[in-house]
Amino acid sequence: MKLWEGRFSKDTARIFDEFNASIKVDINLFEYDIMGSVAHAKMLSKCGIISEEEGKLIITALNDILNDYRDGKIEFDVSDEDVHMLIEKELIKRIGQVGKKVHTARSRNDQVVLDERLFCREKNIYLQELIKNLINTIIKLAEENTDAIMPGFTHLQKAQPVLFSHYILAYAQMLKRDLIRFKQNFNSININPLGSAALAGTSFDIDRFFVANQLGFEGVTENSIDTVSDRDFILEMLFNIAILQIHLSRLAEDFIIFNTDEFKFIELDDAYCSGSSIMPQKKNPDALELIRGKTGRTIGNLVGLLTVLKALPLSYNKDLQEDKEFLFDSIDTAEKSLIIINEILKTLRVNKENMLMSCKSGFINATDLADYLVSKGIAFRDAHFIVGNIVKFCIESKKTLEDVSLKEYRQFCDKIEEDVYDFIDIRNCVQRRKSYGGTSQKALMAQIDNLKEFLKSFE
Ligand code: ARG
């Protein structure tokens with residue numbers, strides 16, 4: 001028996017029931033649907049639309065249903081269609097006629113958006129927590145390794161020496177922006193849609209502000225047609241998750257490279273790697289690869305919902321039912337990725353010696369040599385040309401810039417003196433980059449202080 005079958009002369013096709021049902025997916029909204037129904041029933045009885053006793057009866061039964069759900073005692077199948085129908089059916093089964101009154105002045109169209117807003121609100125807060133944890137882990141990693149110097153890369157070619165701490169904090173900055181975006185999204189989520197009914201509002205004298213208050217919403221939506229059609233708050237969530245995952249996937253990629261035998265800058269803990277079924281020596285960075293790989297689906301989920309919404313006529317259409325799989329999948333992916341990457345960062349080993357060793361080749365102090373010539377009065381463009389020649393000489397004679405003798409240096413430029421060696425020392429190269437946001441120890445400390453300040457003031 002379907003709750004809406006009054007108008008129908010025959011049963012719906014089984015294959016259509018299966019196609020139409022969202023229960024397997026939206027069962028995840030069970031707790032939120034009950035919360036919404038409890039608030040709605042309270043409002044109906046406060047406004048005299050149902051009696052006080054009826055309100056109490058409904059609320060008690062809803063709480064019983066919730067407990068049974070938590071105990072795994074609620075069964076369902078596709079004939080229940082969706083979570084809203086399932087709960088209403090269960091309510092009617094338990095308290096009969098009174099249960100049939102709960103759907104007064106509401107529709108599944110505003111109910112589903114309500115559930116989704118409650119769900120997104122909770123997940124948004126949780127994701128913010130996870131992001132904060134990760135930022136804190138990164139700060140700790142940076143603080144513990146302030147003496148580690150590694151080559152910074154452009155084009156994946158060694159470019160200039162940087163502090164490992166400065167490098168890793170680049171990700172904290174990305175995550176900081178993610179956090180700000182999630183917080184903004186919270187504001188568009190936290191508004192009460194209930195009371196919009198199917199699309200036009202309701203003729204009953206309801207109190208939407210009371211419901212908003214009950215459920216902790218900041219405000220109430222302003223237009224019933226928009227309310228049942230709007231999924232912007234989910235799009236924002238999906239967009240925020242896609243960017244977050246892209247950040248995590250870049251970190252994953254860096255660490256997959258740094259963990260290779262060729263780099264050996266870091267060593268991943270065994271707990272987040274797996275072996276090969278044929279090659280006994282293998283220890284593969286699967287967790288990081290999966291974070292990188294799963295980023296694809298979060299982008300797909302965003303594009304999927306954008307596509308569902310494009311040119312969809314107002315107001316509610318069944319197309320909108322598709323929104324939940326995208327949402328649940330992205331949230332699940334982001335939660336797991338954040339937790340795992342946090343553990344990976346906490347457990348990895350930083351190989352400072354290998355990082356420093358890597359700085360010895362690749363002429364990563366060539367820019368500093370050019371800067372040195374500038375300090376001796378040579379124009380930067382000329383200095384760049386001279387150092388280019390010196391590097392060419394070094395490649396041919398298999399030397400580093402440190403190996404070049406003063407006599408050899410002077411053949412390229414007679415302004416070069418003994419102090420050049422100190423100037424191009426890798427540590428000095430790093431410490432001289434004191435510009436705000438640069439890689440020197442001094443700038444790094446300011447960066448860490450600012451991040452900590454941001455986290456403290458971020459509520
Ligand atoms: N299962 C539906 C969804 O997820 C709930 C709303 C159904 N509304 C309707 N008029 N059929 O969107």
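Glu81 and Lys318 form a salt bridge, with their closest N and O atoms 3.8 Å apart. By salt bridge I mean a side-chain nitrogen of Lys or Arg within 4 Å of a carboxyl oxygen of Asp or Glu. This is a predicted model, where local features need pLDDT of at least 70 and side-chain atom pairs count only at pLDDT 80 or more, while totals for chains, interfaces and linings use all residues. Residues are numbered from 1 along each chain as its sequence is written, and side-chain values use heavy atoms, with hydrogens and water left out.

Now the domains. The assignment, which is automatic or from a database, gives domain 1 (5-104), domain 2 (109-199 + 222-353) and domain 3 (358-457). Between domain 1 and domain 2 the count is 1 salt bridge, against 39 found in a search of the whole structure. The C-alpha centres of domain 1 and domain 2 are 34 Å apart. Contact here means heavy atoms within 4.5 Å, and 17 residues of domain 1 are in contact with 14 residues of domain 2. The two domains bury about 1,300 Å² between them, 61% of it on carbon and sulfur atoms. That buried area is the accessible area (1.4 Å probe) that two parts lose on being put together, summed over both. On the domain 1 side, Val25, Leu29 and Tyr32 lose the most area to domain 2, together 43% of what that side buries.

Next, the spaces. On a 1 Å grid over the protein atoms alone, a cavity is a set of points where a 1.4 Å probe fits but cannot get out; a pocket is an open set with protein on both sides within 12 Å along at least five of seven lines; lining residues have an atom within 4 Å of a point. Grid points are joined across faces, edges and corners, and a volume is the space filled by probe spheres set on the points.

What is the volume of the largest pocket? It is about 290 Å³. Its lining has 15 residues, and Phe19, Ala21, Ser22, Gln321 and Glu322 lie nearest the centre. Helix H1 (14-20), helix H2 (23-26) and helix H12 (323-347) each give two or more residues to that lining. Helices here are DSSP runs (H or I, at least four residues), numbered from the N terminus. Domain 1 and domain 2 each supply at least three residues to the pocket lining.

The largest cavity holds about 80 Å³, and Glu81 is one of its lining residues, as are Met1, Trp4 and Lys89.

Two backbone details to finish. Most residues other than glycine have a negative phi, and most peptide bonds are trans. Leu314 and Ser315 are joined by a cis peptide bond, omega about 0°, and Ser315 lies in the loop between helix H11 (286-309) and H12. Phe363, not a glycine, has a positive phi of about 55°; Phe363 sits in the loop between helix H13 (352-358) and helix H14 (366-375).
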